[in-house]
Amino acid sequence: MVEEQKIKQDEIHIGANIRALRKQRGIGQTELVRILQLNGVDMTREALVKIERGIQHISATQLRAIRDALHTTYDEMLK
């Protein structure tokens, strides 16, 4: 199995943008993780916390699932 490439959060603060979008929509971390898991994306709350803090890279699959769960666009997440 090929490991999925991770997206670095150096220049772009993806995690901070995800956190802001999630809060704007009134969705808690646990709720977002539950939505992702129901959509087949294996993620823990701890992983989401690390992604939002920019400590952990995010995979393309996770990014796409979060985009869909938050009903947003890649542009909003990557600005």
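Me: Is Glu 52 buried or exposed?
Reply: This is a predicted model, and in it Glu 52 belongs to helix α3. The cut-off for buried is under 20% relative accessible area. Glu 52 has 6% relative accessibility, so Glu 52 is buried.

Me: Which side chain makes a polar contact with that of Glu 52?
Reply: Setting aside residues up to four places away in sequence, Glu 52 touches Gly 15, Ala 16, Ile 18, Arg 19, Arg 22 and Gln 29. One of these is joined to Glu 52 side chain to side chain, by a polar contact of 2.9 Å. The partner is Gln 29.

Me: Which residues of helix α2 are buried, and within what arc do they fall?
Reply: Helix α2 spans residues 29-38, and its buried residues are Gln 29, Leu 32, Val 33 and Leu 36. They line one face of the helix, because in a view down the axis of α2 they fall within an arc of 100°.

Me: How far apart in space are the C-alpha atoms of Arg 67 and Leu 21?
Reply: Arg 67 lies in helix α4. Its contacts outside the four neighbouring places in sequence are with Thr 72, Thr 73, Tyr 74 and Met 77. Arg 67 and Leu 21 are 46 residues apart in sequence, and their C-alpha atoms are separated by 9.6 Å.

Me: Which residue's backbone oxygen does the side chain of Asn 17 reach?
Reply: Asn 17 is in helix α1 and is buried, with a relative accessible area of 14%. Leaving out residues up to four places away in sequence, Asn 17 touches Glu 76, Met 77, Leu 78 and Lys 79. At 2.9 Å, its side chain reaches the backbone oxygen of Met 77.

Me: What share of the contacts with a separation of 6 or more is between residues 24 or more positions apart?
Reply: The protein has five helices and two strands, in the order β-α-α-α-β-α-α from the N terminus on. Of its 79 residues, 37% count as buried. Among contacts with a separation of 6 or more, the share from residues 24 or more positions apart is 59%.

Me: Which element has the lowest mean pLDDT?
Reply: The mean pLDDT of the protein is 90, and 85% of its residues reach 70 or more. Where pLDDT is low, the predicted coordinates should not be read in detail. Among the elements, α2 has the highest mean, 97, and the lowest, 69, belongs to strand β1.

Key:
Residues numbered from 1 in each chain as written. Predicted model: local features only at pLDDT ≥ 70, side-chain atom pairs only at ≥ 80, totals over all residues. Heavy atoms only, no water. Buried < 20%, exposed > 50% of the residue type's maximum accessible area, 1.4 Å probe, protein only. Helix = DSSP H or I, 4+ residues; strand = E, 2+ residues; numbered from the N terminus. Arc of directions from axis to C-beta. Polar contact = N/O pair within 3.5 Å; in protein donor to acceptor, adjacent residues only side chain to side chain. Contact = heavy atoms within 4.5 Å. pLDDT = per-residue confidence, 0-100.
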